Amino acid sequence: MKRGLFLLLFGAICLDVSWASFQSAPAEEPAFSRYCPAGALLYLQAKDFSSLLAEWNDSAQKRQWVKSANYEVFSNSRLFLRLKSAGDQFAAAAGLPPDAAFLKQVAGRQSALAIYDIGKLQFLYVTQLSSGSSMQSALWQRRGQFETRNAAGIPFFVRRDPESGAEVAFAVNGDHLLLATREDLFAGALQLMAGSKDRSIEAEQWWAQSVAAAGPAGDLRMVLDLEKIVPSPYFRSYWIQRDGTDMKQYGAAVSDLFRSDKEYREERVLLKKAAPSGASAENDGAAGVAELARLVPGQAGVYEVKANPTPADCVALLETKLLASHLGPIAAEKLAPQVTLTSGETGTGSDLETRIDQTAAPQSALSDRRAPLRELLQKNRVRAMLQVQATERDKDGVFVHFQSGFVLLGESDWNEAAARSALIDFVGPDLTAGRMGVEWQARSGAQEFNGLWSMVTAVRGKYFFIADQAGLLNGMLAGINQRVALKPAVFAAGFDHSRERENFARLTGLLDRTSNETGAAPGMAHTPEFFSENLQSLSSTLAGVASERIVVRDAGDKVLQTVIYEWFH
């Protein structure tokens, strides 16, 4: 009896404590997307913007970056100058610059930014910030210089710059600070916050489909209306990947960033405008990518696995990276050639070998040499292809050598004799008039050329291995008995930043040494070299990033991408 009374009393106390905790727990803040009027092109939200900003401002990466050559180049770029111009217009309208101090004052916890016009940078910003903190900001202190307006019974302040036409509006509504560069957007946001039934971005199809296809929101979430963004001239000008044509197949996208001490993980979802056909072949290729991913050796600096490559793609990549990297036309110049004015001479007095009275003898057609290799790949469809590259210092530590290797996963077993013959037909004419130096000889379960030019190959059933170094080939062969760990994917790639960073600096430093020693012309400022200074300084800034990996999966009506940046521990 006593035991029963004790249990009843204990249960009542637990229930009372739980109810009190439930009542005292703060209600979860609703997503700020419901306060953003329809028509946005891009929406960005942060769970805790003030913490992210403070972490960035206190980071070693920021301190190093702002002193780097990469930042020097960026600060002189067209994009930076356009952003600076937009900042100047904001300062003229608001009466204070949007600098780091201003940003720190208006950065709250949960925050959202919706951009409605990329060219004019028309935006709406909403953040969770206590009214006391908002009223201590320089923006609130200058409210006397603004005109007072009212929307849904909520007062707000607006100010325009007569010269540029730029306008800034802001308000404090409870523990929310709102800021916008268009008065109508601002009024619409206040009406939605007051419970209006007007359309928000949550009612738009691109938003609803994107969010429904995504998982839980990350520390940062970005949602994009690609139907409107991709055709924009600003997208074509400033999209760094330069894959606008490929992006046209997508109507919307959402990206979530999850942060931890060990890694940053980005989950992307790109919604297709129309689902393609041929799913069976794509699924077969996706399984092939998973099979080849286990063959990536430990010494790989960069690797890439692609599903269902065409024979033309395979031949072109093998030719460029391995078989004939020294051949082919010069890359097309994107700058107009320099005009040199002379007195009209053509050629030089020492140029006695060029005949002008006869048609130049045609060189051996490269397409004929490709034919056996292309035919080999057409007979046995390639389900997936692995490309591996690495760099290595010579024994003296002076020069940096490149290594390349490939694995082709066929639909059936490869004809080993035909494969080796096709390789000889391709490279032989450039190396020898006969067969000297391009005969195959056995070496540790593989076949290699018996001459000075290094090429090693091996066939293991459906796996066709090709490399220019025996060590790299052996590294790929070592993984053939490992279990498949990766789930089917149409693309997978990785970059070992920690392994390749110093070799990249060494190589590009040697290549740019002449330019650096010559220096800038008198009266001209030094422009950082693109590889050895610009990119190298960015690599140094991000030295804490050990590696990057990406996996892409095709789910029919959408593409799923996972990108992982691993930090040094």
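The tour starts from a count of 22 aromatic pairs, where rings of Phe, Tyr and Trp (its six-membered ring) pair if their centres lie within 6.5 Å. Select Phe74 and Phe80: their ring centres are 5.3 Å apart and their planes stand at 80°, so this pair is edge-to-face (planes over 60 degrees apart; under 30 degrees counts as stacked and the rest as tilted).

This is a predicted model, in which local features need pLDDT of at least 70, side-chain atom pairs count only at pLDDT 80 or more, and totals for chains, interfaces and linings use all residues. Residues are numbered from 1 along each chain as its sequence is written, and side-chain values use heavy atoms, with hydrogens and water left out.

Phe74 is partly exposed at 27% relative accessible area, and Phe80 is partly exposed at 22% (buried is under 20%, exposed over 50%, partly exposed in between, with a 1.4 Å probe and protein chains only).

Next, select Phe530 and Phe531. This aromatic pair is edge-to-face, with 4.9 Å from centre to centre and 80° between the planes. Phe530 is partly exposed, with a relative accessible area of 47%; Phe531 is also partly exposed, at 42%.

Now turn to charges over rings (NZ of Lys or CZ of Arg within 6 Å of the ring centre and within 35 degrees of the ring normal). Select Arg265 and Phe258: the charged end of Arg265 sits over the Phe258 ring, 4.5 Å from its centre. Finish with Arg369, whose charged end sits over the ring of Phe426 at 5.6 Å from the centre.
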